[in-house]
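Dear colleague,

My notes on it follow directly after.

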Amino acid sequence: MFLNFFYGLRENGLDVSVSEWMTLMEGLEKGLHRSSFSGFYQLSRAIVVKRESEFDKFDLAFAKTFKDVPFEGPVPDEVMEWLSHPKEDLRADLEELMRRTGGHAGSFEELLRKMEETLRQQDGEHNGGSRWVGTQGTTGYGNSGWYPNGIRIGGESMHRTAMSVATERKYRDFRTDKTLDTRQYQMAFRKLRNFSTQDPSAEKVLDIDGTIEDTGNNAGRLKLRYKNPRKNAVKLLLLMDSGGSMDWYSQVCSMLFSAATKSNYFKELHTYYFHNCIYTNLYETPELYGRSSVPTEWVLNNYGSEYKVIIVGDAAMNPHELVERRYDWRNRSYDELTGLDWLYRFIEHYPYMIWLNPEPYPEYVTYWSRTHLQLAQIFRMYDLSVDGLDKGIKALMNR
Amino acid sequence: MFNTTENSFRGDTKYVASEALLSTVNIAMTLEKPLLIKGEPGTGKTMLADAIAHSLGKPLIIWNIKSTTKAQDGLYVYDVVQRLYDSQFGTHGVDDIASYIKLGKLGEAFTSEEQVVLLIDEIDKADLEFPNDLLWELDQMEFSIPETKETIRAKHRPIVIITSNAEKELPDAFLRRCIFHYIDFPDRQQMEDTIRVHFDRLDDQLLAQAMETFYMIRKIRGIDKKPSTSELIDWIRALSVSGVDPADIKAAIPFAGVLLKKDKDLQILDKTVR
């Protein structure tokens with residue numbers, strides 16, 4: 001029943017259900033794994049994994065569960081080479097082989113087994129010799145009788161064992177739960193598309209009152225009138241922590257959201273930067289030049305509550321920065337409001353607001369994680385990963 | 001060098017598939033579950049259904065999903081408005097509801113006398129709820145038409161193949177019922193095999209140079225829409241038809257507009273190469 005594997009998959013984050021597992025059992029019963037380990041890998045992967053972003057989790061779980069399974073030695077390399085460039089007329093050779101071995105149509109599994117046996121007994125190629133080995137055997141379709149006429153097996157190496165495929169971790173970059181990086185950029189971008197400004201049912205809608213009126217005016221003969229429903233447009237205000245470790249993330253975010261805006265996913269996008277926490281001024285560039293500063297008050301007044309706000313930052317700062325009034329050395333006075341006061345003003349003004357954090361939620365309370373924990377209580381905070389972006393934007397749209 | 005024999009994409013299409021893909025198709029068919037195929041645009045998802053139908057010798061029914069498609073469209077459509085118009089003029093046969101019921105693609109697949117391959121193409125284009133709306137029908141292979149009090153039951157369970165461009169997420173309940181395969185972007189050997197299948201005679205040098213240039217372009221940073229298999233095939237066709245000297249391909253990159261479809265990308269290519 002492979003229960004270890006089942007639970008191993010669930011531990012690794014794959015939501016396998018019992019009915020999917022039963023389907024796998026059914027597949028095994030029907031011999032779809034072709035009595036081989038790599039067949040089992042492919043069968044279980046096709047049934048259990050539903051998104052390419054989960055391939056990596058599957059590979060990890062698989063490698064972990066089955067790492068101690070001994071497997072038959074793979075067919076040697078140079079034979080693999082030869083097998084990938086078999087003789088020209090495959091079909092004829094295959095029919096010939098069928099006749100010679102007296103096998104009925106569809107005994108590919110037997111073919112496969114024979115082939116492996118033959119190869120182990122011989123060294124060197126036997127192209128055209130009396131013991132010809134066929135490549136079509138790898139498809140192994142039993143009695144369902146699918147003969148790949150007109151379909152050729154592709155060039156990738158055919159007999160890579162399941163373990164080598166699983167440990168290769170080819171799909172690592174497809175994961176959606178790692179912190180946002182340029183590699184997941186495409187995926188994050190596509191996620192944002194889900195929340196684009198286009199109302200999906202932007203087709204014409206029957207205007208019932210208008211239709212009744214038109215029909216009445218038309219002496220009772222039916223006349224339909226349609227109208228366009230109003231579309232709502234999303235306006236986004238992006239506030240990003242700049243400086244130090246946040247530079248990289250704010251760059252990626254900035255690229256992501258401005259690309260989304262260019263593709264008309266959002267109607268408007270405005271980006272401002274701050275350092276560590278929001279104070280009296282925000283800046284238009286990540287370098288935080290004095291010249292490009294904008295009073296935060298102005299931002300609050302200018303962008304109404306219908307704007308959706310996303311704050312991107314690590315929320316890690318000296319706790320004093322939040323609760324003490326800063327000393328403005330230029331004007332030789334203390335700022336009126338503390339960092340925390342400003343944050344509360346934002347919370348009051350914008351009902352649609354989330355915070356995206358590249359740092360994972362801290363496990364212990366330390367000097368630097370205190371502010372993170374504190375801010376996580378008052379803001380809706382999500383991870384800066386594709387998954388977090390997904391959840392965060394859903395929350396943003398639905399309040 | 002004009003090569004006019006290669007306009008046929010239907011009929012004798014030879015499709016190059018990876019072994020994993022073939023085994024997944026077989027798994028889906030044996031377990032009688034729909035096959036969900038995802039991959040970058042241009043990797044041959046739609047052609048796969050064609051190739052499968054062709055190799056099995058079964059008819060292929062294609063349901064092209066648009067953003068406005070609703071699940072009901074696939075089952076049947078009851079043309080109420082037409083009936084209303086007809087009734088106003090007292091046209092004969094208005095009381096026969098059945099003549100106003102037109103079966104959708106799923107309905108066609110169910111009522112077919114032989115087993116068919118049903119391709120639901122680009123399912124992610126439609127509404128988020130669309131796949132969920134089809135769950136019952138796909139499971140039970142039947143649906144009812146209340147207007148005529150009929151139940152349409154599948155005579156032979158169609159082989160369902162669903163393609164998705166991964167532009168939108170598909171709902172979980174739907175995914176659980178499918179067998180999933182992701183078509184990776186082909187590696188060089190596969191790519192070469194695929195291209196050779198589409199051309200009867202191809203200059204080796206031309207192919208080598210074109211492929212090198214193609215992979216080089218894919219690596220350039222800043223390109224929005226990377227060229228894919230279908231664009232490469234079109235480009236090679238253009239190159240071979242126009243009789244370009246293979247030595248010039250990498251240097252001059254003629255017909256770049258066949259590979260890159262966006263202005264911005266062409267500009268970036270210009271800057272990088274010339």
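**Strand pairing in chain B**

Strand β6(B) pairs with strand β9 (residues 159-164) of chain B in the parallel sense, over 4 bridges. Pairing here requires at least two bridges between the strands as found by DSSP, and helices (H or I, at least four residues) and strands (E, at least two) are DSSP runs numbered from the N terminus. Within this pair, L118(B) has V160(B) of β9(B) as its bridge partner.

This is a predicted model, in which local features need pLDDT of at least 70 and side-chain atom pairs count only at pLDDT 80 or more, while totals for chains, interfaces and linings use all residues. Residues are numbered from 1 along each chain as its sequence is written, and chains are lettered from A and ligands numbered from 1 in the order in which they are written.

β6(B) also pairs with strand β3 (residues 60-64) of chain B, again in the parallel sense, over 5 bridges. There, W63(B) is bridged to I120(B) of β6(B). Strand β6 spans residues 117-121 of chain B and is mostly covered, with 4 of its 5 residues buried. A residue is called buried if 20 or more other C-beta atoms lie within 10 Å of its own, exposed if 12 or fewer, and partly exposed in between, with C-beta atoms placed from the backbone.

**Helix packing**

In chain B, helix α10 (residues 204-219) packs against helix α11 (residues 229-242) at an angle of about 135°, with the axes 11 Å apart. Axes are lines fitted to C-alpha atoms, for helices over the stretch in contact, and angles run from 0 to 180 degrees between N-to-C directions. The two helices α10(B) and α11(B) are therefore oblique to each other; angles under 35 degrees count as roughly parallel, over 145 as roughly antiparallel, 65 to 115 as roughly perpendicular and the rest as oblique. Their crossing is right-handed, a term for the near helix being turned clockwise from the far one by less than a right angle, with anticlockwise giving left-handed. On the α10(B) side the contact is made by L206(B), L207(B), A210(B) and F214(B), and on the α11(B) side by L232(B), W235(B), I236(B), L239(B) and S240(B). Contact means that the C-beta atoms of two residues, placed from the backbone, lie within 7 Å. By class, this contact of α10(B) with α11(B) has 8 nonpolar, 1 polar and no charged residues. Ala, Val, Leu, Ile, Met, Phe, Trp, Tyr, Cys and Pro count as nonpolar, Asp, Glu, Lys and Arg as charged, and the others, Gly among them, as polar.

In chain A, the axes of helix α1 (residues 3-11) and helix α4 (residues 55-66) come within 9 Å and cross at roughly 140°. That makes α1(A) oblique to α4(A), and the crossing is right-handed. N4(A), F5(A), G8(A) and L9(A) of α1(A) meet F58(A), A61(A), K64(A) and T65(A) of α4(A). The classes in this contact are 4 nonpolar, 3 polar and 1 charged.

**Chain A**

Chain A contains 16 helices and 12 strands, and 30% of its 399 residues count as buried. V312(A), which lies in strand β8 (residues 308-312) of chain A, is buried, with 25 other C-beta atoms within 10 Å.

With kind regards
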